Amino acid sequence: MAEERPKYLIKAGKRLDGRKPGDARPMKIETGVIENAEGSAMVEFGKTKVVAAVYGPRDIHPKHMMRSNRTLVRARYDMLPFSVEDRKRPGPGRREREISKVLSETLNTAVFVEKFPRTAIDVFISVIQADASTRVAGLNAASVAMADAGLPMRDLVVSTSFGKIHDEKGKGHMVVDVFKPEDNWGMADIAYAKLPNLDKYVLLQMDGNVTKDEFFKGLEMADKSLDDIYKAQVAALKKKYMEGSK
Ligand code: ADP
């Protein structure tokens, strides 16, 4: 990218968009946004906007992927061409394939997969507007969409990011819910996910370097934000069913 690295990403405890280190962006979670899908959800983290649609359990193709004792949850993550400022090349590249693989692995941990042998559950995650942290927004959307589809689940998956960004003296500060300038110019960013009721971490990806102390400080801050995400997920699911029962 041609732009120059800004002199700082945080100054006097304020990030470039005015947030404090532990603040997540304004969040919105909605279910039932795609009628043709068995389950669906939309998640917004600030300007990052992601939709997830779930189909299945259904026949699995190609057949050699079939497992006799379980279903396969297959996530397909895609960033749409108009989701970023410079049009993105359509279709899955190396990045999308890698993200799809890790999100699939993460989502499989939340579902009672042995209940539907020889099938697939397909989860399409489409980023319609990208301002960083799209994979974690996608995981939150996918998990709500799977619950909306009525799949038997051990837990919801809750997910967010945290990172390390520099102040005007070059010192690093841990922050929650990384947005684009912080992802581009920050010192590190971490995407992770958790099954909150089982207290189990099910995804951890890191770019850059942090010390052990910084890592745990960031994790503690981000875990607080996961509580809010979980509450918003549950509220979104309840809202749909309350409206449906009127
Ligand atoms: P995440 O979106 O999960 O944080 P990355 O760290 O790979 O994943 O990407 C960070 C951000 O960089 C994206 O959310 C998006 O805003 C931007 N980005 C990623 N890939 C592209 C691309 N091919 N073209 C333009 N912007 C991109």
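The protein contains four helices and eleven strands; both are DSSP runs numbered from the N terminus, helices being H or I of at least four residues and strands E of at least two. Its radius of gyration is 18 Å, close to the 18 Å that the globule rule gives for 246 residues, so the protein is as compact as a globular protein of that length. That radius is taken over C-alpha atoms, and the globule rule is 2.2 Å times the number of residues to the power 0.38. The model is a predicted one, in which local features need pLDDT of at least 70 and side-chain atom pairs count only at pLDDT 80 or more, while totals for chains, interfaces and linings use all residues. Residues are numbered from 1 along each chain as its sequence is written, and side-chain values use heavy atoms, with hydrogens and water left out.

Along its principal axes, the C-alpha trace spans about 55 × 40 × 35 Å. Of the 246 residues, 47% count as buried, where buried means under 20% relative accessible area, exposed over 50% and partly exposed in between, with a 1.4 Å probe and protein chains only. Among contacts between residues at least 6 apart in sequence, 68% join residues at least 24 apart; a contact means heavy atoms within 4.5 Å.

Two strands pair if DSSP finds at least two bridges between them. Strand 6 runs parallel to strand 7 (residues 119-129), and eight bridges join the two. Within this pairing, Asp78 has Ser126 in strand 7 as its bridge partner.

Another open sheet has four strands in the order 9-8-10-11, and its pairing is antiparallel. Its edge strands, strand 9 (172-176) and strand 11 (200-208), each pair on one side only. Strand 8 (residues 158-166) and strand 10 (residues 188-195) run antiparallel and are joined by seven bridges; Val158 has Lys194 in strand 10 as its bridge partner.

Helices lie against both sets of strands. Helix 2 (residues 134-148) touches strand 8, strand 10 and strand 11, and its direction makes about 165° with that of strand 8.

The aromatic rings come next. Rings of Phe, Tyr and Trp (its six-membered ring) pair if their centres lie within 6.5 Å; planes under 30 degrees apart count as stacked, over 60 as edge-to-face and the rest as tilted. By this rule there are five aromatic pairs. The rings of Phe162 and Tyr192 have centres 5.6 Å apart and planes at 80°, so this pair is edge-to-face. The pair links distant parts of the chain, with Phe162 in strand 8 and Tyr192 in strand 10, 30 residues apart. Phe162 and Tyr192 are both buried. Ring pairs link Phe162, Tyr192, Tyr201, Phe215 and Phe216 into a cluster.

Conventions
Axes fitted to C-alpha atoms, helices over the stretch in contact; angles between N-to-C directions.
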